[in-house]
Amino acid sequence: RSVYDGEEHGRFMEKLEARIRNHDREIEKMCNFHYQGFVDSITELLKVRGEAQKLKNQVTDTNRKLQNEGKELIIAMEELKQCRLQQRNISATVDKLTLCLPVLEMYSKLREQMKSKRHYPALKTLEHLEHTYLPQVSHYRFCKIMVDNIPKLREEIKEVSMSDLKDFLESIRKHSDKIGETAMKQAQQQRNLDNIVSQHPRISGGKKSKKEVCASSDLEVKTTSPMSEQDSGILDVEDEDEDEEVPGAQDLVDFSPVYRCLHIYSVLGARETFENYYRKQRRKQARLVLQPPSNMHETLDGYRKYFNQIVGFFVVEDHILHTTQGLVNRAYIDELWEMALSKTIAALRTHSSYCSDPSLVLDLKNLIVLFADTLQGYGFPVNQLFDMLLEIQDQYSETLLKKWSGVFRNILDSDNYSPIPVTNEEIYKKIVGQFPFQDAELEKQPFPKKFPFSEFVPKVYNQIKEFIYACLKFSEDLHLSSTEVDDMIRKSTNLLLTRTLSNCLQNVIKRKNVGLTELVQIIINTTHLEKSCKFLEEFITNITNVLPETVHTTKLYGTTTFKDARHAAEEEIYTNLNQKIDQFLQLADYDWMAMEPGSKASDYLVDLIGFLRSTFAVFTHLPGDVDVHSTMSGKVAQTACMSACKHLSTSLMQLLLEAEVRQLTLGALQQFNLDVEECERKMQNHPI
């Protein structure tokens, strides 16, 4: 830095070049001193190169001769090497094939079993192959492929067995109505057998109970083991004649797909998955089965098919419960049954409400009883079904009342309301056999003669008995006590009398075109029907075996019904008479300013009195073997006469007191008095 910073740069360069020249002279001196030795070394190296070339030629020649001489030996040695290598390979191959052949045979057997759908044996073969054979040859590539395929094969077996299960579930869903139909036939046969045994106790020793029949059926059912090689769902069964024995419901079903799939999933450690799937699918099927068709109420076959499907479903589930360990349990079955019971009862309540035909309701009741008895035979509680039947009984009574309302209307409309003529003993006994009527004096009279009542009396009486029989039919097989049956019949009969028959009678009485003769005949008819109520009481007592003196026995209200109808007819008679009187009085045309009275009673009054006399004559000519004043018609006639006279007198008084009549002459009063005297004279002379 001092050189560059100062002014001595040129001097420094001169000193440096002088130093370089000194060093060059020293190097040149040293090279001149060693040059001769270097030349000598090069000369020696040239001599060595010649000798080395000679040696190389000798070695090359010797090697060529050795190669030519050892070529055949090398070929022979190579052949020996290849031979020994092949021998060793063959030996190793034989050993390895000895290990591999069983693996291949097992794998071939596995594929054959899967091809023939022997899934459970295939699963056993697969387990044996995996744990026994493959570990011995695990290092081979084809074995690794097999090992990799084992999970796929297991999954394939699961899928195929699950597919079989799905086919089975679909099959039993389609055929559940056939299974249920068979089970209900079996229950019907058992019920018939029980009835025969109860009637003939001595032959009961050789018969099986229902539980025994079910147990033997369970033993004989096709419980194919998991090793079964045949998968099938529902066995085809031809329709049997009624005289032939109906096969057990379980005999129609091959449950081997369920057992096989259950065992397969158990071996694969997926039993819980299988159980959950099975229960889920069966719940779905239960909901489908419990969904009634919209037109189920139209025919009995609709109800029958609905019940058959439900019974078929629970027969299958009951059999699965008793033949598998834990696939379904009692809690699961009870849960399904509770759901089924609630939905079934709701469906029956809805659809039965549409039924207006009592015959269909009665057939439905019998079908429900058979449905309940069938499921009760498999251990399901059915008390709620019988409770619901009591509700349907009320509806049945309503349909009966509607039907009998039409029957009563037809009887009353077609009646001629005249006493029944009898021309011979046969007809007389026939009518007495139809209606409890006894009259010693009428029996003594010669033929032809007449009953006091018209034809609707025995017809109505017999229809009341038919109604009681119809009510009794519904109470059969409901497990009711005699008192409950008696009470049910009496209550329904009371409704028939107090509502249905009473309304029909009231409608007839209130008709516009009904005449006095018809009204009087209705009074006589209701009197005899009222007397027959005690015979209806006896009739009910005989068919129910419950004495009327029992504390809780309901009494019949027939007497009240017929009394009310009779009183209504009487009132209608009085009302009609008063209306006729009013019509005649409207024709009255008094001249209140007349100076002189007429020579006779007013024309309207003469006509009115003639009408009343002819009307009251009807009562005096009523049939009967006793004095008219002691009969009901006589009493009605007296009351009618008194009512008519009272109404007439009141109406005449009103004529005088009308506001329009402002003044009267003596002649007008004398004419009015003449009319009143005519009334007194004519009415006093009438036999009533």
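**Close-up views**

**View A. The exposed residues Glu272, Thr273 and Leu288 sit on the face of helix α7 turned away from its buried side.** The model is predicted; local features need pLDDT of at least 70, side-chain atom pairs count only at pLDDT 80 or more, and totals for chains, interfaces and linings use all residues. Residues are numbered from 1 along each chain as its sequence is written, and side-chain values use heavy atoms, with hydrogens and water left out. Helices are DSSP runs of H or I with at least four residues, numbered from the N terminus. Exposed means over 50% relative accessible area, buried under 20%, and partly exposed in between (1.4 Å probe, protein chains only). Phe274, Glu275, Tyr278, Arg279, Arg282, Gln285, Ala286 and Val289 are the buried residues of α7.

**View B. A salt bridge joins the side chains of Arg283 and Glu335 (3.4 Å, N to O).** The pair links distant parts of the chain, with Arg283 in helix α7 and Glu335 in helix α9 (residues 330-352), 52 residues apart. A salt bridge is a side-chain nitrogen of Lys or Arg within 4 Å of a carboxyl oxygen of Asp or Glu; by this rule the count comes to 20. Arg283 counts as partly exposed at 24% relative accessibility, and Glu335 counts as partly exposed at 45%.

**View C. Lys174 and Glu170 form a salt bridge between their side chains (4.0 Å, N to O).** Both residues belong to helix α4 (residues 141-199), where they are four residues apart, about one turn of the helix. Lys174 counts as exposed, at 53% relative accessibility, whereas Glu170 is partly exposed, with a relative accessible area of 32%.

**View D. Arg304 and Asp301 meet through their side chains in a salt bridge (2.7 Å, N to O).** About one helical turn separates Arg304 from Asp301, because they are three residues apart in helix α8 (residues 300-323). Arg304 is partly exposed, with a relative accessible area of 31%, while Asp301 is exposed, with 53%.

**View E. Helices α16 (residues 516-531) and α17 (residues 533-544) have axes that come within 4 Å and cross at roughly 35°.** Axes are lines fitted to C-alpha atoms, for helices over the stretch in contact, and angles run from 0 to 180 degrees between N-to-C directions. In α16, Leu529, Glu530 and Lys531 meet Cys533, Lys534 and Phe535 of α17. The residues of this contact divide into three nonpolar, no polar and three charged. Contact means heavy atoms within 4.5 Å. Ala, Val, Leu, Ile, Met, Phe, Trp, Tyr, Cys and Pro count as nonpolar, Asp, Glu, Lys and Arg as charged, and the others, Gly among them, as polar.

**View F. Ser602 occupies the loop between α18 (558-585) and α19 (603-620).** Ser602 is buried, its relative accessible area being 14%. Leaving aside residues up to four places away in sequence, Ser602 touches Tyr590, Gln671 and Asp675.

Notes:
Helices (H or I, at least four residues) and strands (E, at least two) are DSSP runs, numbered from the N terminus.
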